[in-house]
Amino acid sequence: CTPPAHSLITDYVPKEKRDEINLRFRNAVLPVYERKDKLSDERHKISEQNFEAKLALMAKIEEIADYQSERPEDWVNKNQELSQWIENWRSIGPIPFKKNDELKERLSLAIRKFNKSKNDFFKVRKQEKTQNLARKLELCEKAEVFANSENPSSHRKDIIQLQEEW
């Protein structure tokens with residue numbers, strides 16, 4: 001006769017052996033849970049340390065997000081620096097789950113802010129370059145007209161004026 005499926009295993013151990021076998025099993029299982037709790041505590045402690053480390057990096061990243069410059073080389077250098085800070089951020093292990101979304105959002109916001117400022121700077125520079133090219137083409141055309149005239153030397157003052165504008 002097989003025991004019913006809903007019965008506990010202890011129901012089929014002789015009564016005089018139940019306490020002994022239950023204690024033996026408990027003593028075998030308890031260290032597993034203790035180690036699990038210890039590992040869980042250690043992981044929690046490490047994740048809190050990771051959180052603190054990421055917070056410190058976050059301060060530097062947010063500082064870079066506020067960066068402004070008038071030189072393209074500075075923007076390129078600052079972009080490389082930001083990339084390094086982000087790489088450092090990613091190299092840090094996990095943080096407490098409840099704090100993860102908020103910190104990730106702060107990081108994303110800072111990166112977007114920096115990239116927008118950098119992109120705006122380079123858009124303006126591109127517009128300036130386009131305007132400068134148009135102005136220099138205009139000066140070239142004027143200089144060519146003077147050079148092709150029948151008496152180029154009579155336009156000496158005009159050429160000097162064009163050179164000053166150049």
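## Terms and basis

The model is predicted, and local features need pLDDT of at least 70, side-chain atom pairs count only at pLDDT 80 or more, while totals for chains, interfaces and linings use all residues. Residues are numbered from 1 along each chain as its sequence is written, and side-chain values use heavy atoms, with hydrogens and water left out.

## Helix α1 against helix α2

Helix α1 (residues 15-65) packs with α2 at an angle of about 165°, their axes lying 10 Å apart, and α1 and α2 are therefore roughly antiparallel to each other. On the α1 side the contact (heavy atoms within 4.5 Å) is made by Lys 54, Leu 57, Met 58, Lys 60, Ile 61 and Ile 64, and on the α2 side by Lys 78, Glu 81, Leu 82, Trp 85, Ile 86, Asn 88 and Trp 89. By class, this contact of α1 with α2 has 8 nonpolar, 1 polar and 4 charged residues.

## Helix α2 against helix α3

Helix α2 (residues 72-91) also packs with helix α3 (residues 97-147), at an angle of about 165° and with the axes 11 Å apart; α2 and α3 are therefore roughly antiparallel to each other.

Residues of α2 that meet α3 include Pro 72, Trp 75, Leu 82, Ile 86 and Trp 89, and among their partners in α3 are Leu 103, Leu 107, Ile 111, Phe 114, Phe 121 and Arg 125. The residues of the contact of α2 with α3 divide into 11 nonpolar, 3 polar and 3 charged.

Key. Axes are lines fitted to C-alpha atoms, for helices over the stretch in contact, and angles run from 0 to 180 degrees between N-to-C directions. Helices (H or I, at least four residues) and strands (E, at least two) are DSSP runs, numbered from the N terminus. Angles under 35 degrees count as roughly parallel, over 145 as roughly antiparallel, 65 to 115 as roughly perpendicular and the rest as oblique. Ala, Val, Leu, Ile, Met, Phe, Trp, Tyr, Cys and Pro count as nonpolar, Asp, Glu, Lys and Arg as charged, and the others, Gly among them, as polar.
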